[in-house]
Amino acid sequence: MIRPTLLAASALALTLAACGGNEALDPSAGFGPDPTLPPPQGSLFPQVNIAEAVGWPEGRTPVAARGFRVQAFASGLDHPRWIYRLPNGDILVAESNAPPKPEGKEGGLRGWVQGLVMKKAGAKAPSANRITLLRDADGDGVAETRTAFLENLTSPFGMALVGDTLYVANADAVVSFPYQTGQTRITAAATRLAALPAGRNHHWTKSLVASADGTRLYVGVGSNSNIGENGLAEEEGRAAIHEIDIATGADRIFASGLRNPVGLAWQPDSGKLWVAVNERDELGNDLVPDYMTSVTPGGFYGWPWSYYGQVVDARVEPANPGMVARALKPDYALGAHTASLGLTFGEGGLFPARYRGGAFVGQHGSWNRTPRNGYRVIFVPFMGGVPAGPPEDILTGFLNEQDQAMGRPVGVQFDRTGALLVADDVGNVIWRVAPAV
């Protein structure tokens, strides 16, 4: 039973947090290679400004950019988070949510308040623990086949097919399954390749990509806290990208200091691995911008001691000047508190040529900024393998006139025709964006 004093304290925390108190910069100031980094603004409680999840009313959809159209590729899903395209064109969707936290790791009053926030955002339902297969055999942009491809997983997220083996990143391990082209369901037992840091799982999603030669897997593992407040012992192996040898299961840290590395993708022109990273909270409306960056092997990107290179976060104790001196500056900021999760690069011939090789980013949307930020899919043009311009809206309209969330975009992936698929975990839809003509 929750004591009245706890309820009162929690209500006060939410009320004070929602007040904000610091005027925000124009959101565009938090984008690009050199974002504006204002002085940090501390507060007793984190600001809370979540868009209540309400879902899509009948007949309403997101708004595609001029020259494009959007339709539902599949609907009625259960918290679809991540998308993967198999070589035959079948689409795999991870229907997933956070696993239960171990006893004693709920986070006390702060964790309880955060749970209320996540519930309002539509992110507290039990995980379906399923990967669903969608097939659009007739090419009309709507999946007419839907099957439960894999079930009884553990908060699955990233997927990668190497040869005839499908790898899945659960919240606690990378597992594998035998796969045959065209099959619509796998019933074989999972084989564990490598354990992944789990426990509290403050950030639970584990993204996954394979190397071009099929010998290694790269897994994004988020931190167990905002800035290490649960102790650095709990951060062992976290806030990092892991490299796993497929032949042996041997695991090493490929890059670190990445608070929550989610979207992983290979940039086609440079051949470099890129990652979308969610940065830290509770420093005000405009700190710290999320970002995407090419990944330097062995590189350190600052978390928890610094952000956006070597800007020191004075809240972190003990300080570590040596690590700050090593911190690399990210390539491109994606806006403060946008929760940039999905990342893929333009491919195929359906979109105009200017989109090929550029980055498409699913911005899940802020929960702690006034006014809100994100809640859209953007495109960042690239030239010569690096960002070459400001972001452009591709899919918007996820908030209604009451500022409620009808949907929230997460994973992004191209289908076999070259249309962009977007996982919407509040609307429970996979949207398909294609040129209007």
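The lining of the largest cavity comprises four nonpolar, three polar and three charged residues. In this predicted model, the residues that line the largest cavity are Leu25, Asp26, Pro27, Ala29, Gly30, Thr36, Asp286, Ala336, Arg369 and Asn373. The volume of the largest cavity is about 50 Å³. A search of the whole structure returned one cavity of 30 Å³ or more.

By residue class, the lining of the second largest pocket consists of 19 nonpolar, five polar and two charged residues. At least two lining residues are supplied by each of strands S4 (80-85), S8 (159-162), S12 (206-210), S16 (260-266), S22 (340-345) and S28 (409-414).

Strand S16, one of the strands that contribute to this pocket lining, pairs with S17 in the antiparallel sense over five bridges. Within this pairing, Asn260 has Asn278 of S17 as its bridge partner. The two strands form a hairpin in which six residues lie between S16 and S17, and Gly271 in the turn adopts a positive phi of about 75°. S17 is also paired with S18, again in the antiparallel sense, over four bridges. Here Val277 is placed opposite Tyr291 in S18.

In a regular strand, side chains alternate between the two faces of the sheet. In S17, Leu273, Val275 and Val277 point one way, whereas Trp274, Ala276 and Asn278 point the other way, and all are buried. S17 is accordingly described as mostly covered, with six of its six residues buried.

The loop between strand S17 (273-278) and strand S18 (289-294) contains Glu279. Glu279 has a relative accessible area of 2% and is therefore classed as buried, the cut-off being under 20%. The side chain of Glu279 forms a polar contact with the side chain of Arg280, at 2.9 Å. When neighbours within four places in sequence are left aside, the contacts of Glu279 are Arg259, Val288, Pro289, Asp290, Tyr291, Tyr307 and Tyr308. One of these contacts, Tyr291, is the residue of S18 that Val277 stands opposite.

Terms used
Residues are numbered from 1 along each chain as its sequence is written. This is a predicted model: local features need pLDDT of at least 70, side-chain atom pairs count only at pLDDT 80 or more; totals for chains, interfaces and linings use all residues. Side-chain values use heavy atoms; hydrogens and water are left out. Ala, Val, Leu, Ile, Met, Phe, Trp, Tyr, Cys and Pro count as nonpolar, Asp, Glu, Lys and Arg as charged, and the others, Gly among them, as polar. On a 1 Å grid over the protein atoms alone, a cavity is a set of points where a 1.4 Å probe fits but cannot get out, and a pocket is an open set with protein on both sides within 12 Å along at least five of seven lines; lining residues have an atom within 4 Å of a point. Grid points are joined across faces, edges and corners, and a volume is the space filled by probe spheres set on the points. Buried means under 20% relative accessible area, exposed over 50%, partly exposed in between (1.4 Å probe, protein chains only). A polar contact is a pair of N or O atoms within 3.5 Å; within protein, one must be able to donate a hydrogen and the other to accept it, and residues adjacent in sequence count only if both atoms are side-chain atoms. Contact means heavy atoms within 4.5 Å. Two strands pair if DSSP finds at least two bridges between them.
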